[in-house]
Amino acid sequence: MVDESAARAAVIEEGLREVGLTDVTVLVERTGLVRRLHELSPDVVLMNLENPGRDVLEESFALSRALSRPIAMFVDQSDERSIAEAVDAGISAYVVDGLRKDRIKPVLELAVRRFNAFARLQNELHEARSALADRRAIDKAKAVLMKRRGIDEPAAYALLRKQAMDSGRRLAEVADALVTAETLLGGEG
Amino acid sequence: MSLFRIGFLPLVDAALPIIAHEYGLAKQEGLRIELHRDRTWAAVRDRLTYGITDAAHLVAPLAIATSLGLDRPAVPLAAPFMLGLNGNTVTVSTAIADLLGEDDWDDVGAIGHRLAALAHSRAAQGRKLRFGVVHRYSSHNYMLRYWLAACGCHPDHDVEIIVVPPPAVADALAAGDIDGSCVGEPWNSVAVDRGDGVILASTSGIWNRGVEKLLAFRAPLLDERRAEVEALIRALHAAGALAIDRGQQGDVAKLLAREEYIGLPADIIARALSGRLVPRRDAPVRHIRDFLVLHREAANFPWRSQAMWLYSQMVRWGHAPLDAAGFEAAVSVFRPDVYRAALAGTGAILPNASAKVEGAIDRPLGASSVSGRLIMGPDRFFDGMLFDPDRAMDYAAQQLAATARAIPIV
């Protein structure tokens, strides 16, 4: 497994081990990658598609064709769908020439599932974080309005919501703008 | 509106699809463009071959290698439109530049020989010079090899050539991982401005009209969406006209500079667009004629002889077999027929021929065209060699033999 995200690599490694593939090595560092891979002589190399080391690695695989155990580029053509799914998920896979397709497919499928699950997790985390940020901005904006206009909280909220609806913007955006303006105009923010 | 998802790397010659999108030229043709930036050619290629994108900004030899199935299952690609000629430089670390003495821009051959002499002495000391090229199947690799070989330096024996993706080149020079590189702009200028690199030669000095990037489609997609592909070609052609309009160059540089495209300052990007390069930090600007030809002289026309020359170099360096079928397959990637069909009746310059003798033009020359007035600029190789597509096998065979003879006896 070559992945610059140690967290993601760990998630996939765990999955591979669960299905009994215990001989897994995770490489996170960019330097010395080619040398390490040649030492390890793996059957399959899983790598995140966007890894900046891919062109370098492919060059070394091309050169390795002269060796007794060349690493081919990708799985058999007939298995295009599972590769396309892998690419879509953001994974590239390299396998040793002659490795049986039925042995690779489950590895690839598992990697795709785990990769997607990880991406989903990241998304949820991101959404949760921005929801929290939204709520903070709205609370602050309400406080500003309550102080400046001498109104209570429900009234402040109603005002924000009306402004958002009238201007076709998200509530949090309106709140954010208000807080920014207040800061710029010398309020207490 | 029909959608084209287009992959690209952050390089100045990704300009035309970006312009077509941002200036509404695609929209005028009833198309929507979605651009997808990557960091390596491998990722750009995979997204294209597995259908995550519909088209890609690609180094021309990689499109051929992908179609031929070198190293991997073959995926036939079709290239009906070139995105530019040249636009690369050979850049060396400041330390190597100082060893080579005065920067001599006017004579690519002379500087190549000096570099070759240095390479030989370093090899004799067991410290071979190491060069980075952007991909095994890149015009950069073949241009650098052509130059070194013609100057008496065997690229496989006297120096070491490794792969470094474009955005990583400046860092690799700075870290001392490589002594020199051949990469497209703006990555050379980035190294120059940091004081880590000196531009030694422009690839346009090696071959005046070197084949470079193309827009590649999966061949079946090109057939299935033929009308839309032709519309996209018209949008890109219009983008080309805009890109070379001097009045627009400042704005184009600013556009490419944006974070989602190249993400570097506009003044660095403007250098390649105007051909006004700074070869060494704080050195005066050098104007390089025809540094990057984005559109003039029907530069976007996919000459089949360009594909053949690239294949001859793949043969020369052992990347592909010497056989007529290989040449045939390489040539079929380039689709001048689609280019002509797309631009017929638009007033665009449409060359009559689909192949030409490469390297035969010394000074601007009128050439026959179906429509428009075609003036071909100088297209010389620096060593004066000619590439006649009718004798491509001979050319490749001779170079192959000469290259084998040049292997140093240890």
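Biologist: Leaving aside neighbours within four places in sequence, which residues is Met1(B) in contact with?
Modeller: In this predicted model, Met1(B) is in contact with Gly30(B), Leu31(B) and Arg32(B) once those neighbours are set aside. Contact requires C-beta atoms within 7 Å.

Biologist: Why is Met1(B) called exposed?
Modeller: Met1(B) has 9 C-beta neighbours inside 10 Å. The cut-off for exposed is 12 or fewer, so Met1(B) counts as exposed.

Biologist: Where in chain B does Met1(B) lie?
Modeller: Met1(B) is placed in the segment before strand S1 (2-8) of chain B.

Biologist: What separates the C-alpha atoms of Met1(B) and Asp71(B)?
Modeller: Those C-alpha atoms are 37 Å apart, and Met1(B) and Asp71(B) stand 70 residues apart along the chain.

Biologist: How many residues does the contact take from chain A and from chain B?
Modeller: Chain A supplies 17 residues and chain B supplies 19 residues. On the side of chain A that touches chain B, helix H3 (54-63) and helix H4 (80-89) of chain A are the elements giving two or more residues. H3(A) gives the most to that side, with six residues.

Biologist: What makes up the side of chain A that touches chain B, by class?
Modeller: That side of chain A has nine nonpolar, six charged and two polar residues.

Biologist: What pLDDT does chain B average, and what does the model score?
Modeller: The average pLDDT of chain B is 94, and 99% of the residues score at least 70. The model has an ipTM of 0.77 and a pTM of 0.86.

How values were computed
Residues numbered from 1 in each chain as written. Chains lettered and ligands numbered in written order. Predicted model: local features only at pLDDT ≥ 70, side-chain atom pairs only at ≥ 80, totals over all residues. Helix = DSSP H or I, 4+ residues; strand = E, 2+ residues; numbered from the N terminus. Buried ≥ 20, exposed ≤ 12 C-beta atoms within 10 Å, placed from the backbone. Contact = placed C-beta atoms within 7 Å. Nonpolar A, V, L, I, M, F, W, Y, C, P; charged D, E, K, R; others polar. pLDDT = per-residue confidence, 0-100.
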